[in-house]
Amino acid sequence: MSRVAVVTGGNKGIGLAIVKGLCEQFDGTVYLTARDEGRGQEAVKELNEQGCQPRFHQLDVSSLDSIHRFKQYLEQEHQGLDVLVNNAGVMYGHSKTAPLVEQVDVTMEINFFGTLNLTKVLSPLLRPHARIVNVSGGMGDLSHVTPELRQTFRSEQLTKEELVQMMEQFVSDVKSGVHEEKGWKMETVAYRVSKMGVTALSMVQQRQFDADPGADVVVNAVCPGWSRTDMGGASAGRSVEKVCLGTHLS
Ligand code: NDP
């Protein structure tokens with residue numbers, strides 16, 4: 001049975017580099033997924049020209065319909081999944097002028113809830129020894145929040161339901177204009193909180209898998225480091241080829 005790896009947001013940047021790396025090193029079928037079919041197919045073509053043969057499937061992590069379509073496809077085509085790289089992400093940089101409420105809605109929907117929902121839906125397909133890699137980020141480091149929030153994020157008793165409730169409360173606090181007094185006072189708050197959530201989620205997911213003796217699944221949160229992509233910008237220190245996915249955050 002051929003092993004299967006899936007990368008979200010694989011059409012450019014770090015995701016594309018991960019797909020390429022997997023095509024070169026992973027013994028199995030590699031899926032480049034992208035929310036936009038055209039951009040995804042273009043990326044596959046680019047990799048084909050470099051001797052890599054990923055397969056393509058549309059996947060928008062912010063759409064439950066798209067997630068379920070992909071799950072059904074994987075189930076029929078492969079009956080399982082061995083590697084899931086939750087890479088898709090967005091960040092509104094300093095130059096973006098969208099209202100904060102919109103920034104928080106979009107960023108949380110993709111970065112945090114997209115990672116949460118995709119993993120939840122695909123989990124029944126995970127085979128023994130499966131690996132999940134959640135691409136988080138150093139900007140989600142907890143030094144920016146109050147000691148109370150920090151303690152909650154780090155608690156070994158934190159459940160998925162409590163984390164989701166905390167993230168939903170953050171979104172709601174932004175809408176009510178009270179997030180700063182609730183302890184979420186920082187620049188680039190939407191992105192930072194989404195990544196705090198992703199790192200904490202990775203630890204919660206690992207605890208859940210560990211509680212299931214048959215699961216044998218490893219979840220890691222990683223920070224690729226500041227990298228030259230559309231998100232990272234041209235002044236970033238490292239090229240995507242040099243991206244180090246070995247920096248564990250959980
Ligand atoms: P890019 O902006 O270059 O690429 C982001 C990718 O995510 C694109 O393929 C984009 O698709 C995709 N994406 C966005 N929304 C969705 C969605 N709803 N469904 C599916 N795919 C989606 O960013 P990077 O490559 O730099 O970032 C990759 C990951 O690494 C992100 O999670 C980011 O937060 C993280 N990271 C990046 C750092 C950096 O310095 N670059 C540093 C630390 C972490 P589309 O082309 O359609 O927009």
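What is the volume of the largest pocket? In this predicted model, the largest pocket has a volume of about 1,000 Å³. The elements that contribute two or more residues to its lining are helix 1 and helix 7. Helix 1 gives the most, with 3 residues.

The lining of the largest pocket is made up of 42 residues. Those that lie nearest the centre of the pocket are G89, V90, M91, T229 and M231. Sorted by class, the lining has 16 nonpolar, 18 polar and 8 charged residues.

**The ligand**

The largest pocket is the space that the ligand takes up. Around the ligand there are 28 residues, and N11, N87, Y191, S227 and T229 come nearest to it.

Two helices, helix 1 (13-25) and helix 7 (189-210), each supply at least two residues of the shell around the ligand. The shell divides into 11 nonpolar, 11 polar and 6 charged residues.

| Residue | Part of the residue | Distance to an oxygen atom of the ligand |
|---|---|---|
| Y191 | polar side-chain atom | 2.6 Å |
| R39 | N or O atom in the side chain | 2.8 Å |
| G225 | backbone N or O atom | 3.5 Å |

On its own, the ligand has 900 Å² of accessible area, and the protein covers 94% of this. For Y191 and R39 the atom in question belongs to the side chain, whereas for G225 it is a backbone atom.

**The cavity**

How many cavities of 30 Å³ or more does the structure hold? There is 1 such cavity. The largest cavity has a volume of about 30 Å³.

Which residues line the largest cavity? They are T8, V61, N86, N87, A88, I110, G114 and T115. Helix 4 (residues 100-122) provides the largest share of this lining, 3 residues. By class, the lining of the largest cavity has 3 nonpolar and 5 polar residues, with no charged ones. The lining of the largest pocket, by contrast, includes 8 charged residues.

Key: Residues are numbered from 1 along each chain as its sequence is written. This is a predicted model: local features need pLDDT of at least 70, side-chain atom pairs count only at pLDDT 80 or more; totals for chains, interfaces and linings use all residues. Side-chain values use heavy atoms; hydrogens and water are left out. A residue is near a molecule or strand if one of its heavy atoms lies within 4 Å of it. A polar contact is a pair of N or O atoms within 3.5 Å; within protein, one must be able to donate a hydrogen and the other to accept it, and residues adjacent in sequence count only if both atoms are side-chain atoms. Accessible areas come from the Shrake-Rupley method with a 1.4 Å probe; for residues, only the protein chains shown count as cover. On a 1 Å grid over the protein atoms alone, a cavity is a set of points where a 1.4 Å probe fits but cannot get out, and a pocket is an open set with protein on both sides within 12 Å along at least five of seven lines; lining residues have an atom within 4 Å of a point. A molecule sits in a cavity or pocket if more than half of its atoms lie within 2 Å of its grid points. Helices (H or I, at least four residues) and strands (E, at least two) are DSSP runs, numbered from the N terminus. Ala, Val, Leu, Ile, Met, Phe, Trp, Tyr, Cys and Pro count as nonpolar, Asp, Glu, Lys and Arg as charged, and the others, Gly among them, as polar. Grid points are joined across faces, edges and corners, and a volume is the space filled by probe spheres set on the points.
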